[in-house]
Amino acid sequence: MLKGSSSSLTPTSHRYFSQRLRMHYVEWGSPQNPTVVLVHGVRDHCRTWDDLIQRLSAQGNYHFVAPDLRGHGDSEWVQGSGYRYYDYIYDLQQLIEQNEFGPVILVGHSLGGAIAAFFAGVFPEHVRKLILLEGIGLWRGEQEAAGTAALIRQWSEINRDLAGRTPRRYPDLQTAYQRMQDTSPQLTQEQAMHLTAHGVVQLEDGQFTWKYDQYTYNFLGVGLSEAQIVELWQNIQAPTLLINADQGLEKRTGQDGTLAHFRQAELRIVEGAGHWTHHDQPESVSAMIKDFLD
């Protein structure tokens with residue numbers, strides 16, 4: 001539908017449409033090679049994968065595609081509704097089918113890991129292999145136990161709070177970078193500056209703010225129960241690699257007995273890493289992925 005090939009080391013930007021939203025993704029390498037689609041986490045952006053892609057490019061010939069989720073990066077924000085798993089899955093379907101990328105090697109981090117896993121359960125024909133980095137696991141048990149009415153009320157209250165929330169602004173790029181470095185001290189200066197440069201937008205008054213929509217903070221309206229999540233995991237046909245960090249978050253995919261819901265899954269633990277595992281230990285993560293792909 002769109003584009004031609006690009007240099008394996010230089011990403012090119014492209015657009016596609018999903019539910020009338022103008023979506024953005026970047027691409028590295030030739031489409032003649034196996035396609036790897038990488039899905040970032042919440043309040044992140046597609047350029048979070050640059051370092052990992054450079055490392056994997058040096059180890060083999062691949063075609064990399066990294067989308068900005070709706071409400072993130074350079075993809076449009078929704079108007080009049082929230083951000084649900086259904087919508088994220090549909091966007092990924094449109095990206096892959098419109099461009100005839102599939103079947104793909106699908107990689108996801110955090111929220112992107114959850115989206116990638118659900119997509120593989122709904123559209124197994126589109127996924128050759130699946131890699132989840134600190135993917136979101138089963139965390140909604142307490143909310144579901146409180147009942148549907150209580151869950152909807154809590155979702156509504158969070159939305160009302162977000163409606164009055166003022167996005168943080170920074171007078172210059174250096175101040176935004178310092179904020180990134182302060183909140184993520186494990187990042188190198190080079191990593192923090194790279195993520196900041198691609199993660200902010202300059203406003204009319206010259207100040208900078210992050211590109212993501214404030215409403216992406218509300219996870220309660222995502223639209224899948226724990227029983228539905230388990231059903232989708234069990235429907236995954238592709239060989240699956242779960243990568244978690246020894247200092248990562250709780251309730252990750254593969255933890256708390258959830259590994260048993262996957263047909264062909266291997267769990268690897270990265271030492272000396274937090275939730276942003278591919279930033280904290282890029283060499284270990286890239287080696288694990290390369291071994292799995294081989």
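Trainee: What do strand 1 and strand 2 form, and how many residues lie between them?

Mentor: In this predicted model, strand 1 and strand 2 form a hairpin with two residues between them. Glutamine 19, in the turn, has a positive phi of about 50°.

Trainee: How do you know that strand 1 and strand 2 pair?

Mentor: Pairing needs at least two bridges. Seven bridges join strand 1 (residues 12-18) to strand 2, so the two strands count as paired. They run antiparallel, and arginine 15 stands opposite histidine 24 of strand 2.

Trainee: What makes strand 2 and strand 4 a pair?

Mentor: The same cut-off of at least two bridges applies. Four bridges join strand 2 to strand 4 (residues 63-67), therefore these strands pair as well. They too run antiparallel. Tyrosine 25 has proline 67 in strand 4 as its bridge partner.

Trainee: Why is strand 2 called mostly covered?

Mentor: Buried means under 20% relative accessible area. Seven of the eight residues in strand 2 (residues 21-28) are buried.

Trainee: Which residues of helix 1 make the contact?

Mentor: Asp51, Leu52, Arg55, Leu56 and Gln59 do, against residues of helix 10 including Val285 and Ile289. By class, the contact has five nonpolar, two polar and four charged residues.

Conventions: Residues are numbered from 1 along each chain as its sequence is written. This is a predicted model: local features need pLDDT of at least 70, side-chain atom pairs count only at pLDDT 80 or more; totals for chains, interfaces and linings use all residues. Side-chain values use heavy atoms; hydrogens and water are left out. Contact means heavy atoms within 4.5 Å. Ala, Val, Leu, Ile, Met, Phe, Trp, Tyr, Cys and Pro count as nonpolar, Asp, Glu, Lys and Arg as charged, and the others, Gly among them, as polar. Buried means under 20% relative accessible area, exposed over 50%, partly exposed in between (1.4 Å probe, protein chains only).
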